[in-house]
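Thanks, everyone. Let me put the model up, and then we'll go through its aromatic side chains.

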Amino acid sequence: MALSRFEYVKQFEEEEKLLPNCWIVVRIDGKGFHRFCNVHSFTKPNDLDALQLMNFAGMTVMQEFNEIAIGYGQSDEYSFVFRREASVYQRRRDKLVSYVASLFTSAYMFHWKRIFDSRSIDMRYPPSFDARAVLYPTDENLRDYLSWRQADVHVNNLYNTTFWNLVASGLSNADAEKRLQGTLASDKNEILFSQFGINYNNEPIIYRKGTILLAKSVRVKDKKQRLIVPIFDDLISDTFWVKHPEILDKKAKTDDVFDLAENHTQPIILYQLTVQERRKAGHNKGEATKNLLETGSS
């Protein structure tokens with residue numbers, strides 16, 4: 001392209017590059033999601049469909065970037081951990097943050113009908129997500145960050161589960177909030193059990209622990225495939241990191257095939273397998289057409 005006298009304005013652009021040899025965490029947060037949840041009639045305290053939609057968006061981001069070591073989602077947020085050595089977009093902060101945010105948002109909208117058509121919930125207005133990139137220089141810092149986010153899940157979900165059960169029992173929002181003011185975790189557990197017969201430890205683990213996304217080799221119908229796998233586990237404990245050493249060290253040797261167990265019916269697993277089957281069918285159809293044409297021309 002020919003230079004012009006106006007090109008000097010490029011000098012005003014600033015390019016911030018993220019420091020090398022640091023973990024990059026890009027965290028997506030829903031903006032104004034309290035209103036968004038109310039307008040779209042999301043179930044309180046947890047809407048499983050809404051969480052699965054977040055997982056679809058998280059899966060899409062992880063499929064786009066092979067330099068993501070782990071994804072972690074809860075409520076209206078998702079964290080994506082890019083490896084220390086990641087060179088994506090030459091580690092340009094603005095480029096990385098803006099693309100992850102826009103890709104996540106578009107995927108959220110793209111998969112909406114897949115999740116909510118069965119409930120006849122139309123999207124009333126588009127969601128918005130902001131994003132930030134934070135650097136963590138050590139493995140310990142990264143683990144502490146992810147532990148912080150999972151601890152946040154527990155604190156918020158225990159409160160919300162207790163709060164909305166109190167509201168369902170007849171208390172106003174203000175009275176329920178007043179009832180819980182100054183209570184400890186043990187107090188909330190006691191309220192749930194004594195008043196509502198709910199053992200909090202038996203609540204679905206996706207509500208209590210959030211969703212971990214990892215790229216894993218799995219076996220489906222005697223064939224090994226690479227999928228983005230949802231895992232519901234305690235990532236604060238050392239056991240999790242011993243079980244998945246490739247997160248911190250991509251060269252670490254791991255079991256060849258990850259056992260999906262009961263997670264084989266998770267929506268994002270079924271979706272990925274369906275997509276692969278359609279691609280295979282399209283490929284086979286293309287090959288058959290090609291062979292037919294070649295046979296006809298001989």
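Start with Phe-12. Its relative accessibility is 66%, so Phe-12 counts as exposed. The scale here: buried is under 20% relative accessible area, exposed is over 50%, and partly exposed lies in between, with a 1.4 Å probe and protein chains only. Phe-12 lies in the segment before β1, which covers 23-30. Helices (H or I, at least four residues) and strands (E, at least two) are DSSP runs, numbered from the N terminus.

A word on the basis. This is a predicted model: local features need pLDDT of at least 70, side-chain atom pairs count only at pLDDT 80 or more, and totals for chains, interfaces and linings use all residues. Residues are numbered from 1 along each chain as its sequence is written, and side-chain values use heavy atoms, without hydrogens and water.

Back to Phe-12. Which residues make the nonpolar surface patch with it? Tyr-8 and Val-9; the patch is about 360 Å². Patch residues have over 30% relative accessible area and no salt bridge; nonpolar side chains (Val, Leu, Ile, Met, Phe, Trp, Tyr) are joined within 5 Å, like charges within 9 Å. A salt bridge is a side-chain nitrogen of Lys or Arg within 4 Å of a carboxyl oxygen of Asp or Glu. Areas are Shrake-Rupley, with a 1.4 Å probe; for residues, only the protein chains shown count as cover. Tyr-8 is partly exposed, at 47%.

Now ring pairs. The whole structure has 27 aromatic pairs. Tyr-8 and Phe-12 form an edge-to-face pair, because their ring centres are 6.4 Å apart and their planes are at 70°. The rule: rings of Phe, Tyr and Trp (its six-membered ring) pair if their centres lie within 6.5 Å; planes under 30 degrees apart are stacked, over 60 edge-to-face, the rest tilted. Tyr-108 and Trp-112 are tilted, because their centres are 6.2 Å apart with planes at 50°. Both of these residues are buried. Tyr-108 and Trp-112 also belong to a cluster linked by ring pairs, whose members include Phe-33, Tyr-78 and Phe-129.

Next, charges over rings. That needs NZ of Lys or CZ of Arg within 6 Å of the ring centre and within 35 degrees of the ring normal. Lys-95 has its charged end over Tyr-89, 5.7 Å from the ring centre. Arg-149 does this over Trp-148, at 4.2 Å.

Last, the whole chain. It has ten helices and six strands. Of its 298 residues, 41% count as buried. The C-alpha trace spans about 80 × 60 × 45 Å along its principal axes.
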